[in-house]
Amino acid sequence: MAETATPEILPGAGQELETEVKSELEPGYLVICWNDPVNYMDYVTHVFQRVFGWPRKKAEFHMLQVHEQGKSVLARESLEKAEHYVHQLQKHSLHATMEREE
Amino acid sequence: MKLIGRAEDRLQIELAPREKDLLMQLLRLYPRIPSSYQPLSKAAEPEQSGQRLLDEALSEARSQNKNALQLLLADRKRLGQQGDHWRLHLTGGEVEWLLQVLNDIRVGSWIHLGSPELPLKVLNAQTAPDVWAMEIAGSFQMNLLEMLES
């Protein structure tokens, strides 16, 4: 009977994979909305309320931050959730991206 | 364009004939934002699979929106003439969806203009169609937002 080959495990390889998986699950991604001259302030506020379920006041705070400072960090999430939020914001044609937290 | 009735989640919107014609002309432009226009990240080396999935998802959503739009506008029970005016019957969710469609036309037209600072300083024969679409889409958007919040 042929022996089953035992896979050779390189030192540190498992740890690397574990770190990668962990980093994707950790809230290390920022969801950012950037200013542009075309989206109406009222519309941006409305979209923030819809996408994040925020009350109007919080949505307006972030909308004003986008307008006055050029961008606002809307959420700090895992890779998957950050992608979801960026997708939702872009479906509404807002200028949104996700960036890895430094 | 004005809200004339609301029952539970359904909105009844009245459009003057000229408004209805403008809306029809405008919605023909959808989708207006070029595909693969929106980056997932500004990072120098963005994650390629995530970008591809995002592009595919946006493209699929736009295709579904276009089909739904054609069905809605062809449905005489949803958009029909009553006397001199037109009546549009939408659920709250459909108003949200129509807002997305209108904003795609607004932002897409702005992109076609070269993403300039607004208000646009130069209006000429070349820029007029995009400026028209951008402004009319914006006007309908603001009307719908007011209806949702009234």
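Q: Before we start, what counts as a contact between two residues here?
A: Two residues are in contact if their C-beta atoms, placed from the backbone, lie within 7 Å.

Q: OK, so how far apart in sequence are the residues that contacts join in chain A?
A: This is a predicted model, and in it 69% of the chain A contacts between residues at least 6 apart in sequence join residues at least 24 apart.

Q: What's the mean pLDDT of chain A?
A: The mean is 86, with 75% of the chain A residues at 70 or more. Residues 1–5 of chain A are below 50, and beyond near neighbours in sequence that stretch has zero contacts in the model.

Q: Switching to the fold: how many helices and strands does chain A have?
A: Four helices and three strands. Along the sequence they come as α-β-α-α-β-α-β.

Q: What's the strand order in the sheet?
A: β2-β1-β3 in chain A, an open sheet with antiparallel pairing.

Q: And which strands stand at the edges?
A: β2 (71–77) and β3 (96–100) of chain A; each has a single partner strand, so one side of each has no neighbour in the sheet. On average, neighbouring strands are turned by 30° against each other, ignoring direction.

Q: How many bridges link β1 and β2 of chain A?
A: Six, in the antiparallel sense, with β1(A) covering residues 29–34. As one example, Tyr29(A) has Glu77(A) in β2(A) as its bridge partner.

Q: Which helix packs on that sheet?
A: Helix α4 of chain A, residues 79–91, which touches β1, β2 and β3 of chain A. The direction of α4(A) makes about 160° with that of β3(A).

Q: What comes just after α2(A)?
A: Gly53(A), with a positive phi of about 70°.

Q: Which residues of α2(A) are buried?
A: Tyr43(A), Val44(A), Thr45(A), His46(A), Val47(A), Phe48(A) and Val51(A). Over chain A, with its 102 residues, 32% count as buried.

Q: And what covers the buried residues of α2(A)?
A: The cover includes α3 (56–69) and α4 of chain A, along with α3 (92–112) and α4 (128–149) of chain B.

Notes: Residues are numbered from 1 along each chain as its sequence is written. Chains are lettered from A and ligands numbered from 1 in the order in which they are written. This is a predicted model: local features need pLDDT of at least 70, side-chain atom pairs count only at pLDDT 80 or more; totals for chains, interfaces and linings use all residues. pLDDT is the predictor's confidence in each residue, from 0 to 100. Helices (H or I, at least four residues) and strands (E, at least two) are DSSP runs, numbered from the N terminus. A residue is buried if 20 or more other C-beta atoms lie within 10 Å of its own, exposed if 12 or fewer, and partly exposed in between; C-beta atoms are placed from the backbone. Two strands pair if DSSP finds at least two bridges between them. Axes are lines fitted to C-alpha atoms, for helices over the stretch in contact, and angles run from 0 to 180 degrees between N-to-C directions.
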